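Keep the sequence at hand while reading.

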Amino acid sequence: MTSAASDWAALELCLRSASVALLLVLAALLLTDFRKALSGRLAAAFALGSAAHAVTASIGAGPPVSDWHAPLIALSTGDIVVFWLFTRALFDDAFQLRWRHGLIWAAVVAYSFVNCMWIAPAGHARLAITMVNSLTLVFVALAVGQTIGSWSADLVERRRRVRVFIVAASALYGGFNALLQIAYAGSRVTVEWANLMNAAVLTAIVAAITWAMMRIDGADLFAVPAEAVVLTKPAAIEEAADRKLVDALMRLMADERIYRHDNVTIGTLATRLKIPEYRLRRLINQRLGYRNFNVFLNNHRIEEAKAALADPSQAEVPVITIAMDAGFQSLGPFNRAFKATTGVTPTEYRRLKAGVA
């Protein structure tokens, strides 16, 4: 090994070590402070998986994969699934892990392990590396789509600002690393410059994410149980102004039932109230306690549906009609939202109310 190559390898090792140290500290802090929040637990799991990636990531040829190395590589590959689940939990406070999510993670980990132990050693290294990193790009795309798709409904101002940075930075590295892996798949030499750049980008992103998370209130990122939410206490003058706006907003909901309208957005309501969008976001979040605009709308829709389902004169009206009248676009989302709010399905709710009557 030349002197320059040796220096590059030493610098790469230092950068990898720094990344691992930061990620382990970040995981410990997340588990200490936010283990009660699903997004906090998934963030800690993602940090641990990223530490495994920092240890094992290599562009081009490297030493043969050992029995202890292969499980780490597999866990590193499965970390992209954890990242996708983390973005879902971070941006959807109602998200819950299902058994199928565990199966997806296990399938990706198992496939990566099989690649390391049997497919790549059998002379199919380029195919194995390309397939695994193509999977990575798919989950990166899913995470980015989740970020973009749910951004407009997010009512937590600081989360809106920081979450795009956190996810974009992580997704950028995931995409960057996957493309490098595919480009040099099956290379007969270790690409020192690519490994050094890879380690440097990872260290920079981990440091930036750690710095960003230290600058915000973690409760803005990681949803806490509803009973633990403490609404902001405004000053007297601000409280009076906000109370007028809340009253006007409630009139739009109760009298005009604006939540029934197709494609109603926070911009629509802000325009009707003649205030900027950011102020309405802050009002619904800090004064009414909602973190997501769609949940705010759906609660009003469900209250109307509950009244209709409990009304004896509407006993023959189909559930789908009641759902559509309340503003839902289809039966599936209505059933899920209704059960999440009441604990029973719409049909069960109607039956219970009929029994009481």
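Predicted model: local features only at pLDDT ≥ 70, side-chain atom pairs only at ≥ 80, totals over all residues.

Residues are numbered from 1 along each chain as its sequence is written, and side-chain values use heavy atoms, with hydrogens and water left out.

Begin with α2 and helix α3 (residues 69-91), whose axes come within 7 Å and cross at roughly 150°. Helices here are DSSP runs of H or I with at least four residues, numbered from the N terminus. Axes are lines fitted to C-alpha atoms, for helices over the stretch in contact, and angles run from 0 to 180 degrees between N-to-C directions. α2 and α3 are therefore roughly antiparallel to each other, a label for angles over 145 degrees. Their crossing is left-handed, meaning that the near helix is turned anticlockwise from the far one by less than a right angle; clockwise would be right-handed. Contact means heavy atoms within 4.5 Å. Residues making this contact include Leu 42, Phe 46 and Gly 49 of α2 and Ile 73, Val 82 and Phe 86 of α3. By class, the contact of α2 with α3 has 15 nonpolar, seven polar and one charged residues. Here Ala, Val, Leu, Ile, Met, Phe, Trp, Tyr, Cys and Pro count as nonpolar, Asp, Glu, Lys and Arg as charged, and the others, Gly among them, as polar.

Next come helix α5 (residues 157-183) and α6, which pack at an angle of about 170° with their axes 10 Å apart. α5 and α6 are therefore also roughly antiparallel to each other. Among the residues that meet are Phe 165, Tyr 173 and Phe 176 in α5 and Met 197, Leu 202 and Ile 209 in α6. This contact has 16 nonpolar, three polar and no charged residues.

α11 passes α12 in a right-handed crossing. Their contact divides into six nonpolar, no polar and three charged residues.

How many cavities of 30 Å³ or more does a search of the whole structure find? The search finds one. A cavity is a set of points on a 1 Å grid over the protein atoms alone where a 1.4 Å probe fits but cannot get out, and lining residues have an atom within 4 Å of a point. The lining includes Arg 16, His 53, Tyr 173 and Asn 198. Its largest share, four residues, comes from α6.

Notes: 1 Å grid on protein atoms, 1.4 Å probe; cavity = no way out; pocket = protein on both sides within 12 Å on 5 of 7 lines; lining within 4 Å. Points joined across faces, edges and corners; volume = space filled by probe spheres on them. Helix = DSSP H or I, 4+ residues; strand = E, 2+ residues; numbered from the N terminus. Parallel < 35°, antiparallel > 145°, perpendicular 65-115°, else oblique.
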